[in-house]
Amino acid sequence: SAPGGSTFCIKAGVHRFTSAVVARANDKFIGDSGAVLSGAKVLTTFSREGSYWVALGQTQQEPPFPAFIGAYAVCAAATPGCIYPEKVFRNGQDLVQVTRLADMRSGAFYFDYANDKIYLYDDPTGQNIEATTGSGGIIGYTNAGQGSVTIKNLVFEKFGGGDVSGSSHNALKAVENWRVENSEFRYISNIAVTMFGSGWVRNNYIHHSGKYGLTGAGTIEGNVVSFNNTDGFDPNNDTGGSKFHGTRGLVVRGNTAANNVGRAFWTDFDNLNTTYESNWVENNTEMGIFHEVSCAA
């Protein structure tokens, strides 16, 4: 109900999203210390079904990713469930999604989409079990007059939607001249931060995302981008710390990109006048900096 250009002060605590917040031009979202925006709900009711514990009524299915890009499998062989964006957490730890009940094991879950059931192998009694709802976080749309938004001092966690129309199920989709600063993004199913346009992503901790830590354009400065691709996408294909496509004047400066499964910084196709400067890049499973089918770096 507040007008565009308002400042929203988010108090400490966990704020659970059931739908995305569409920002307006010049809005500011500023968090107190300990303010957490969560895309997950707490599961409290389980029944026994054979050897497993089952939560019923789980209807939060989002479109899966395609299993193949051309002739290449999207998922690594050991993790065929990477194409499904839903996540389940046990005491804050990301469980592995298996695609058959027969493959269930400790530390895993199975989502029976046809019957709206989530199966757990490990006893949930006395444990904090959370499941993503498919909600997006804070988003904007390009060319819609939603520029110059500030996101600061917030923790985004456990958003679990696929890359659907408008990217509205990502944790954060930023557009023209947004500033995303001093925040943390963790345990996001697909891409934690997507920056379209000439905005700034500065001094954030972006880690343990399912596919990519960040994508987009603009100025990427002073961030830590680590431990991304937790869902087991094939590291030789489309995954890793970051990916940038078709940018002009992208600046990647003063970041740390380490321990990502895949490429750390990847400018893939038609990126012109890119600057990589003063980054610390180590211990990624693929190329640290990969400037592909692009020029003037």
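Visitor: What volume does the largest pocket have?
Guide: About 390 Å³ in this predicted model. A pocket is an open set of points on a 1 Å grid over the protein atoms alone, with protein on both sides within 12 Å along at least five of seven lines. Volume is the space filled by probe spheres set on the points, joined across faces, edges and corners.

Visitor: How many residues line the largest pocket, and which lie nearest its centre?
Guide: There are 22 lining residues, a lining residue being one with an atom within 4 Å of a point. Nearest the centre are Phe196, Thr215, Gly216, Lys243 and His245.

Visitor: Which strands supply at least two residues each of that lining?
Guide: E23 (191-195), E26 (212-216) and E29 (240-244). Strands are DSSP runs of at least two residues, numbered from the N terminus.

Visitor: And the second largest pocket, how much space lies in that?
Guide: About 180 Å³. Its lining has 14 residues, with Leu95, Val96, Gln97, Thr230 and Asp231 nearest the centre.

Visitor: How many cavities of 30 Å³ or more are there?
Guide: The structure has 1, where a cavity is a set of points that a 1.4 Å probe fits but cannot get out of. The largest cavity holds about 40 Å³ of space. Leu95 belongs to its lining, along with Arg90, Gly107, Ala108, Leu120, Tyr121, Asp122 and Ile129.

Visitor: Let's move to E15. Which way do its residues point?
Guide: E15 covers residues 117-120, with Lys117 and Tyr119 pointing one way and Ile118 and Leu120 the other.

Visitor: Are those buried or exposed?
Guide: All are buried, that is, under 20% relative accessible area with a 1.4 Å probe and protein chains only.

Visitor: What does E15 pair with?
Guide: Strand E8 (residues 52-55) pairs with E15 in the antiparallel sense over 3 bridges, and Trp53 has Leu120 as its bridge partner. Strand E14 (residues 108-112) is also antiparallel to E15, over 4 bridges, and there Tyr110 stands opposite Tyr119. Pairing requires at least two bridges found by DSSP.

Visitor: How many residues lie between E14 and E15?
Guide: Four, written as 4 residues in the turn of a hairpin formed by E14 and E15. Asp116 in that turn has a positive phi of about 60 degrees.

Visitor: What ground rules apply here?
Guide: Residues are numbered from 1 along each chain as its sequence is written, and side-chain values use heavy atoms, leaving out hydrogens and water. As this is a predicted model, local features need pLDDT of at least 70 and side-chain atom pairs count only at pLDDT 80 or more, while totals for chains, interfaces and linings use all residues.

Methods. Buried means under 20% relative accessible area, exposed over 50%, partly exposed in between (1.4 Å probe, protein chains only).
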